Amino acid sequence: MPEPTITLNVSRYRPPDERVPTSQVYTIPYRPDWVVLDALNYIKDQVDGSLSFRWSCRMGVCGSCGMMINGEAKLTCSVFLRDYHPREILVEPLENFPVIKDLVIDMSDFLDKLKIVKPWIIRETEKPTSEGEYLQTPEEMDAYMGFSACINCLLCYAACPIFGVETDFIGPAALALGYRYNQDSRDEGSNMRWNVINDHHGTWQCTFVGECSVVCPKDVDPAAAIQRLKVDTAKHWIRSVLLPWGKRA
Amino acid sequence: MIRPDKSLLYYPRMPATWWLRKWSYFLFIVREFSSLFIAAYLVLFLVQLYQLGNGAAAYSTFTNSLKSPGWIVFHAVVLVFAVYHSVTWFYTTSIVIPLRIGGKEIPRAAFTAINIAAWIAVSAVVFGLYLLQ
Amino acid sequence: MMGEALPNKKSIEPLWWGLFSAGGVVAAFLVPIHIVLLGLAVPLGWISDAPDIFGHWFVKVYLFVFIAMPLYHWAHRFYFTLSDIGLKSFRKPISFLTYGGAMMGTVITAWILLRL
């Protein structure tokens, strides 16, 4: 009996010779225990060394191997060939991002956006180490824990049509991280995040399609984070209008 | 940060018909457009109130025209969109403002169900008040 | 510096979003039953028409909220949806038509209710 095979239709982009992506078909041995990333590595090692893609940990932690699999944003280390076999698998770079080569996208725009939401704990004054840790109650930890699992894999950006239409949109992962630090009882920097969050390209650009939360491999739920930021920002705005002379805590 | 040479990048373009590519995107657009049907209904209702202000004759001419099959179909279609708005609105509310009981967020489906029950109760009250006037 | 980046007070998007949300709640709870009553049940003769009810001042207040708020809900959603489906470059005129339309609708609603 011949060895079973599977066909991968892979997007290729090779500048400067090619100015638009093309596709290349690879038929390789089918192994039910392989994930799509294993198949891509087989192609790279045994069939065509010129194929470029990013990967690192192979276990859903590093967030490097996100691609479009049959049009859905996925971590390729987490989708099995057996879920598609004997059908062909279409592998494309993450949507809504510029392509550098083949399946490698340019994420420098995202890294800029990540920086402006200041996703780190901001303190007015750091307490000296001699005074011990910043303690939190379980409730204080619950307030942000679910939103802190982001691995910056960008699947949420690939799934967000609003980001596709308007790439200036700060986008799901960065805003969710802003929310995560605003929610942290140790953080005192939410005032420094408001101008980014309360901007047309911040939370207000989001129209709650909700796909970011559907594709998130870490169940971060960026859609919920952004809507809750809208509620917080609206409350903050009302206070600043009604009490312009008072405290805007 | 090392940035790639922009002139060598391929920039994909999102077609204006992106909402036809996925069922969930399509349902999103339906949800957003439900607001247009609701607004159209409210404008028609405003015309009814305007005609009421013009006197009994103008009002009955208008309400008689609402009996035509065209307007019945219009109201039936708007009702479908309005109900879709209600259900999606209650579900999204459960995400935006989660309900906490005893410090724990209750499941979104449960909060949606509570809202739908409240919606049915409010509708019954409006219905009852209109019948009793 | 801490506290120097307070919310951008010039941005009135929180206001539009607040009106959108309030309108969404009003529409979700009340529009379906109104359509059933006045759009279907009365015209089809299942129940009799009762226009006198619209004369009470508290019904007028109720109707003002019932009509005006969902207009802002429509304005906000329609403005964003049109941008999202490719009319991004016409954002300015669309915002005048939508939010402006809702504001005009508010005034017209008040006028129609006051002359009842």
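In which helix of chain A is the place of A:Thr233? Please start there and then go on to the surroundings.

Reply: This is a predicted model. A:Thr233 sits in helix H9 of chain A, which covers residues 222-242. Its relative accessibility is 0%, so A:Thr233 counts as buried. Leaving out residues up to four places away in sequence, A:Thr233 touches A:Trp194, A:Ile197, A:Asn198, A:Trp204 and C:Pro14. One of these partners, C:Pro14, belongs to chain C.

Stay with chain C for a moment. Helix H1 of chain C spans residues 13-41. Now take the largest nonpolar core, which has 123 residues. A:Leu8, A:Leu40, A:Val91, C:Phe54 and C:Phe66 have the most contacts inside this core. H1 of chain C gives the most to this core, with 14 residues. Chain A contributes too: at least three residues come from each of domain 1 (5-105) and domain 2 (108-242).

Look at C:Phe54 next. Again without residues up to four places away in sequence, C:Phe54 touches B:Phe45, B:Leu49, B:Leu52 and B:Tyr59 in chain B, among others. In chain C, its partners include C:Leu38, C:Leu63 and C:Leu116. A second, separate core has 13 residues, including C:Tyr72, C:Ala75, C:Leu82 and C:Ile94.

C:Asp52 lies in the loop between H1 and H2 of chain C. C:Asp52 has 66% relative accessibility, so this residue counts as exposed. C:Asp52 and C:Leu116 are 64 residues apart along the chain, yet their C-alpha atoms are separated by 9.9 Å.

Now the helices. H2 (residues 57-87) and H3 (residues 91-114) of chain C pack at about 170 degrees, with axes 9 Å apart.

Most residues other than glycine have a negative phi, and most peptide bonds are trans. A:Phe208 has a positive phi, near 60 degrees. A:Phe208 is found in the loop between helix H7 (190-197) and helix H8 (211-215). With a relative accessible area of 11%, A:Phe208 is buried. A:Lys118 also has a positive phi, near 50 degrees. At 24% relative accessibility, A:Lys118 counts as partly exposed.

Finally, the peptide bonds. A cis bond joins A:Pro15 and A:Pro16, with omega about 0 degrees. The bond from A:His85 to A:Pro86 is cis as well, with omega near 5 degrees.

How values were computed. Residues numbered from 1 in each chain as written. Chains lettered and ligands numbered in written order. Predicted model: local features only at pLDDT ≥ 70, side-chain atom pairs only at ≥ 80, totals over all residues. Heavy atoms only, no water. Axes fitted to C-alpha atoms, helices over the stretch in contact; angles between N-to-C directions. Helix = DSSP H or I, 4+ residues; strand = E, 2+ residues; numbered from the N terminus. Core = buried A, V, L, I, M, F, W, Y, C linked by side-chain atoms within 4.5 Å. Buried < 20%, exposed > 50% of the residue type's maximum accessible area, 1.4 Å probe, protein only. Domains from an automatic or database assignment. Contact = heavy atoms within 4.5 Å.
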